[in-house]
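Visitor: I would like to learn how to read the features of a model like this one. Please start with the terms and then turn to the case at hand.

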Amino acid sequence: MITVRRSEDRGHFVSDWLDSYHSFSFDSYYDPDQMGFRSLRVINQDRVKPGQGFPLHPHRDMEILSFVLEGELKHKDNLGHEGIIKAGEVQRISAGSGVMHSEYNPSETVEVHFLQIWVLPEEKGLNPSYENRVFELKEQNQLQLLASRDGRDGSAVVHQDIALYSGELEAGNCFEYHLAEERHAWIQVTNGELTIAGEHLQAGDGAAISEEKMLGLSAKDEARFLLFDLA
């Protein structure tokens, strides 16, 4: 079963420095039918203007992943971590018992485009922690593991039973992903167009997938996407 979440149906917030789309209920956008999927609670597609960003603010009991698509994102928190996340890199914050952090666009000229992802943790009150992962470029038509419960293959550690992959398909190529018994998936298209089991997805579209053993993905044109494998 595949349920498509169209880009234009997402929540949308615009200010003088932020353009943000919400796949699920977030902040002032509330839809009781869109409260997340499995342990996946938030997928926000954010564009932040040069020199702007989110000032210091608190979080707790949430696994927060930032995946930069274009530009750079500067992170700072009250645990003493500070750094810049570049395109293709992943930042993970386990907010746990409480953390304060800020995220800014350090460029004076270039917009930053990134996905902010929240995952519900397996337990509350964890010790707050932070990591930034840089990945070697893989060939197209393969998946790159970005985050996982056990941190395998150099991925970021997430305190939940998920595996998050990035993928890129060249035009005219296909890919198969096999889901284990009682597993679910969410696909989020970030660039291009993707077809899954006859469903055509464009950039910004997402799809919740359950009761499927094999996902067949194909790209008419080059496509980039995230794949969440969820309990």
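Guide: Helices (H or I, at least four residues) and strands (E, at least two) are DSSP runs, numbered from the N terminus. Glu176, for example, is placed in strand β16 (residues 174-178). This is a predicted model, in which local features need pLDDT of at least 70, side-chain atom pairs count only at pLDDT 80 or more, and totals for chains, interfaces and linings use all residues. Residues are numbered from 1 along each chain as its sequence is written, and side-chain values use heavy atoms, with hydrogens and water left out.

Visitor: How many helices and strands does the protein chain have?

Guide: The protein chain has zero helices and 22 strands.

Visitor: What does the radius of gyration say about the protein chain?

Guide: The radius is taken over C-alpha atoms, and the globule rule is 2.2 Å times the number of residues to the power 0.38. For 231 residues a compact globule would have a radius of gyration near 17 Å, and the protein chain agrees with its 17 Å. Its C-alpha atoms fill a box of roughly 45 × 40 × 40 Å along the principal axes.

Visitor: What share of the residues is buried?

Guide: Buried means under 20% relative accessible area, exposed over 50%, and partly exposed in between (1.4 Å probe, protein chains only). Here buried residues make up 50% of the 231 residues. Accessible areas come from the Shrake-Rupley method with a 1.4 Å probe, and for residues only the protein chains shown count as cover. The protein chain exposes about 11,100 Å², of which carbon and sulfur atoms supply 46%.

Visitor: Which residues does Val42 contact, leaving aside its neighbours within four places in sequence?

Guide: Contact means heavy atoms within 4.5 Å. Val42 lies in strand β4 (residues 40-48) and, with those neighbours left aside, is in contact with Phe24, Ser25, Phe26, Gln116, Ile117 and Trp118. Trp118 is 76 residues from Val42 along the chain, yet their C-alpha atoms are separated by 4.7 Å. Val42 counts as buried because its relative accessible area is 2%. For the protein chain, among contacts between residues at least 6 apart in sequence, 69% join residues at least 24 apart.

Visitor: Is Val134 buried or exposed?

Guide: Val134 counts as exposed because its relative accessibility is 58%. Val134 is placed in the loop between β12 and β13 (143-148). The C-alpha atoms of Val134 and Ile85, 49 residues apart along the chain, are separated by 8.7 Å.

Visitor: What is Glu176 in contact with, beyond its neighbours within four places in sequence?

Guide: Glu176 is in contact with Met214 and Leu215. The C-alpha atoms of Glu176 and Ser107, 69 residues apart along the chain, are separated by 38 Å.

Visitor: In what order do the seven strands of the open sheet stand?

Guide: Two strands pair if DSSP finds at least two bridges between them. The order is β1-β20-β17-β22-β15-β13-β14, with mixed pairing. β1 (2-5) and β14 (156-157) stand at the edges with a single partner strand each, so one side of each is left without a neighbour in the sheet. Four bridges join β1 to strand β20 (residues 206-209), and the two run antiparallel. Arg5 stands opposite Gly206 in β20.

Visitor: How many residues of strand β22 are buried?

Guide: Seven of the eight residues of β22 (residues 223-230) are buried, so this strand is largely enclosed by the rest of the structure. Strand β15 (residues 162-169) runs antiparallel to β22 and is joined to it by eight bridges, with Tyr165 opposite Leu227. Strand β17 (residues 184-191) is also antiparallel to β22, through seven bridges, and Val189 has Phe225 as its bridge partner.

Visitor: Which residues of β9 point one way, and which the other way?

Guide: In a regular strand the side chains alternate between the two faces of the sheet. From β9, Val90, Arg92 and Ser94 point one way and Gln91 and Ile93 the other way, and all are buried. β9 (residues 90-94) is thus described as mostly covered, with five of its five residues buried. Five bridges join β9 to the antiparallel strand β6 (residues 63-70), where Leu65 has Arg92 as its bridge partner. Five bridges also join β9 to strand β12 (residues 129-133), again antiparallel, and the bridge partner of Gln91 there is Asn132.
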